[in-house]
Amino acid sequence: MAIQTDAMKQQDVKLSREEIQRYSRHLIMPEVGMEGQLKLKKARVLTIGTGGLGAPLGLYLAAAGVGHLGLVDFDVVDSSNLQRQVTFTTADVGKPKSEAAKARLSALNPDIEIVSYETRLTSDNALELFRDYDIIVDGTDNFPTRFLVNDACVLLGKPNVYGSIFRFEGQATVFGYPGGPCYRCLYPEPPPPGLVPSCAEGGVLGVLPGIVGSIQAMETIKLILGTGDSLVGRLLLFDALAMRFRELKLKRNPECPMCGDHRTITKLIDYEEFCGIRGEETPAMTEGIQEITPTELKARQDRGDKPFLLDVREPHEYQICNLNGKLIPLGELTRRVNELDSSVEMVVHCRSGKRSADAIHFLKTAGFKKLLNLKGGILAWADEVDPKMPKY
Amino acid sequence: MAVKVMIPTPLRQFTGKQSSFECNAATVGEALSGLTGTYSELKKHLFTDEGKIRSFVNVYVNDEDIRFLEKENTKTKDGDTVSIVPSIAGGGAQKN
């Protein structure tokens with residue numbers, strides 16, 4: 001399987017003496033050779049997201065000599081990205097990711113063309129952005145964008161090299177290849193927001209996106225070279241803890257609304273709406289819940305008026321920072337509710353205020369009445385009251 | 001018919017962190033009932049209120065998608081592996 005566009009066939013491209021030296025370890029292997037290296041030089045690859053998956057992707061594609069790389073990201077480098085987004089350095093914190101990634105990749109390989117798009121991928125710009133590229137690589141982090149990338153790729157007939165991760169588990173495949181399945185063949189719909197794991201189960205082992213992003217880079221290069229067996233029609237599952245790869249068959253679903261025999265989706269839609277507002281997270285159910293700001297709580301405590309403090313985060317989060325509250329993780333609250341006294345006023349908090357709102361909804365049904373949600377959670381406490389408190 | 005059900009990371013919080021579950025089952029439906037019978041909280045994550053498998057969760061017997069076989073009625077034999085594969089979207093790490 002190889003991706004060949006008219007532009008790729010027509011270009012008369014050669015390698016300079018310096019390039020021959022740079023790519024010599026490719027050129028001396030028959031699977032790449034001069035022909036393959038020229039294919040790489042002519043190829044146009046767009047990576048969506050320059051984060052955890054985008055980092056190894058960008059680095060390896062640039063190093064391999066993919067001649068035209070597009071980088072889409074609207075985000076800014078944060079210090080919490082550095083644990084896994086290895087394109088960035090500490091000095092990049094605060095810079096736009098697409099720009100910082102472009103600078104890093106250009107330094108790695110000045111012979112290739114890199115275009116950065118500091119923009120959020122939307123239904124309005126996706127088709128136009130994708131049109132100039134042969135292969136799209138999906139390194140995004142949310143359901144709406146994943147469906148958007150899929151649909152735009154199917155509409156334009158472009159392969160979508162897919163990778164996703166969760167904590168220490170990864171998935172990778174190639175969607176949108178002519179005749180092969182698309183993302184909607186695998187998952188017709190996104191999970192409803194309420195069933196998506198919350199921050200209590202978030203986080204990711206930094207090496208994991210490095211591995212999955214590298215698999216995506218490998219698949220992209222194989223598509224360009226037209227060599228080997230691509231992941232089209234196979235879903236690769238990777239469990240880093242067990243260090244085990246498994247593989248499942250993926251079939252095009254004849255009933256798929258996007259690529260099936262009777263397709264019902266013929267243009268891009270509103271993906272935020274399709275995924276139920278925000279797909280990744282449930283908006284805090286703050287309706288009917290009384291709140292207290294960290295500043296107000298501190299003022300009350302200073303007056304000697306100290307309401308009971310309940311912390312519904314996980315024990316490992318408590319170790320990072322805490323307000324000396326009683327710790328009962330949200331998931332254990334049902335079982336341990338009898339440890340709480342419903343006659344005293346209680347301030348409930350978590351990291352940012354969402355889990356504590358869920359806890360209050362539950363406690364209300366259990367007969368508790370004097371409940372206050374710490375607005376913005378312990379993060380807001382660090383901002384408003386105690387700047388020395390670490391944020392995570 | 002002893003089958004092994006593989007639990008994906010996002011659902012392990014409902015199985016006491018267990019990554020697999022073994023039970024006797026003649027069909028995929030029986031294997032999943034066995035699983036949700038032991039870990040009741042899993043039920044709403046795997047099935048709709050009408051008892052159908054949720055559309056963002058796929059179930060495989062060995063490497064075959066049961067949607068293209070006989071769905072929940074797909075037969076299982078001794079030593080089969082039933083995999084639950086939910087959609088995950090992450091590319092980095094989300095927090096909220």
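Helices (H or I, at least four residues) and strands (E, at least two) are DSSP runs, numbered from the N terminus. The model is predicted: local features need pLDDT of at least 70 and side-chain atom pairs count only at pLDDT 80 or more, while totals for chains, interfaces and linings use all residues. Residues are numbered from 1 along each chain as its sequence is written, and chains are lettered from A and ligands numbered from 1 in the order in which they are written.

**View 1. Helix 15 of chain A and the residue that follows.** Helix 15 (residues 354–365) of chain A has 12 residues and reaches 17 Å from its first C-alpha to its last, close to the 16 Å expected at 1.5 Å a residue (1.5 Å times one less than the number of residues). A:Gly367 follows helix 15 of chain A and has a positive phi, near 100 degrees.

**View 2. Packing of helix 15 of chain A.** Buried residues of this helix include A:Lys354, A:Arg355, A:Ile360 and A:Leu363 (a residue is buried if 20 or more other C-beta atoms lie within 10 Å of its own, exposed if 12 or fewer, and partly exposed in between, with C-beta atoms placed from the backbone). The buried residues of helix 15 pack against helix 14 (333–336), strand 12 (346–349), strand 13 (371–374) and helix 16 (377–384) of chain A; contact requires C-beta atoms, placed from the backbone, within 7 Å. Helix 15 lies across strand 12 and strand 13 of chain A, and runs at about 170 degrees to strand 13 (axes are lines fitted to C-alpha atoms, for helices over the stretch in contact, with angles from 0 to 180 degrees between N-to-C directions).

**View 3. The open sheet of chain A.** In this sheet, 5 strands are arranged in the order 9-13-12-10-11, with parallel pairing; two strands pair if DSSP finds at least two bridges between them. Strand 9 (291–292) and strand 11 (326–327) are the edge strands, each pairing on one side only. Strand 10 (residues 308–311) and strand 11 pair in the parallel sense over 2 bridges. A:Leu327 is the bridge partner of A:Asp311.

**View 4. Surroundings of A:Tyr271.** A:Tyr271 is in helix 11 (residues 271–274) of chain A. A:Tyr271 counts as buried because 23 other C-beta atoms lie within 10 Å. Leaving aside neighbours within four places in sequence, A:Tyr271 is in contact with A:Ser123, A:Pro144, A:Phe147 and A:Leu148. The C-alpha atoms of A:Tyr271 and A:Ser123 are separated by 7.9 Å, the two residues being 148 residues apart along the chain.

Methods
Contact = placed C-beta atoms within 7 Å.
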